[in-house]
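Take the sequence and the model together.

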Amino acid sequence: PPAPAPAPAPAADGKPLPLGTVVSSLPAGCTSTPVGGVNYYYCAGNFYRATFQGNNLVYVTAKP
């Protein structure tokens with residue numbers, strides 16, 4: 001199977017990203033925010049949830 005496409009860079013302008021957007025790293029200044037037993041990261045107007053894409057740790061925009 002083909003290799004997955006590289007993840008886009010996190011948004012630096014503070015605009016909300018569409019839910020489900022995958023990024024390879026979190027932007028600077030994120031705050032860990034546990035919600036209902038799930039750890040989210042809040043950064044520049046977006047909530048991210050850590051997950052694996054194959055063997056790579058990535059972050060997906062999510063609504064807590």
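Phe47 is partly exposed, with a relative accessible area of 26%. Buried means under 20% relative accessible area and exposed over 50%, with partly exposed in between (1.4 Å probe, protein chains only). This is a predicted model: local features need pLDDT of at least 70, side-chain atom pairs count only at pLDDT 80 or more, and totals for chains, interfaces and linings use all residues. Residues are numbered from 1 along each chain as its sequence is written, and side-chain values use heavy atoms, with hydrogens and water left out.

Now the rings. The structure holds three aromatic pairs. Rings of Phe, Tyr and Trp (its six-membered ring) pair if their centres lie within 6.5 Å; planes under 30 degrees apart count as stacked, over 60 as edge-to-face and the rest as tilted. Tyr41 and Tyr59 have ring centres 5.9 Å apart and planes at 90°, so this pair is edge-to-face. Tyr41 lies in strand β3 and Tyr59 in strand β5, so the pair ties together parts that are 18 residues apart in sequence. Tyr42 and Phe47 make a tilted pair, 4.8 Å centre to centre with 55° between the planes. Tyr40, Tyr42 and Phe47 form one aromatic cluster.

What is the order of the strands in the open sheet? The five strands run β1-β5-β4-β3-β2, with antiparallel pairing. The edge strands are β1 (22-23) and β2 (31-35), each pairing on one side only. Strands are DSSP runs (E, at least two residues), numbered from the N terminus, and two of them pair if DSSP finds at least two bridges between them. Four bridges join β3 (residues 38-43) to the antiparallel β4 (residues 46-53). Tyr40 stands opposite Arg49 in β4.

Next, Thr61. This residue is found in strand β5 and counts as buried, at 4% relative accessibility. Its side chain has a polar atom 2.6 Å from the backbone oxygen of Pro18. A polar atom of the Thr61 side chain also lies 2.9 Å from the backbone nitrogen of Thr21. Leaving aside neighbours within four places in sequence, Thr61 is in contact (heavy atoms within 4.5 Å) with residues including Leu17, Leu19, Asn46 and Phe47.

Finally, Lys63. This residue sits in the segment after β5 (56-61). Lys63 counts as exposed, at 69% relative accessibility. Not counting residues up to four places away in sequence, Lys63 touches Leu19 and Tyr40. The C-alpha atoms of Lys63 and Tyr40 are separated by 9.1 Å.

Notes. Polar contact = N/O pair within 3.5 Å; in protein donor to acceptor, adjacent residues only side chain to side chain.
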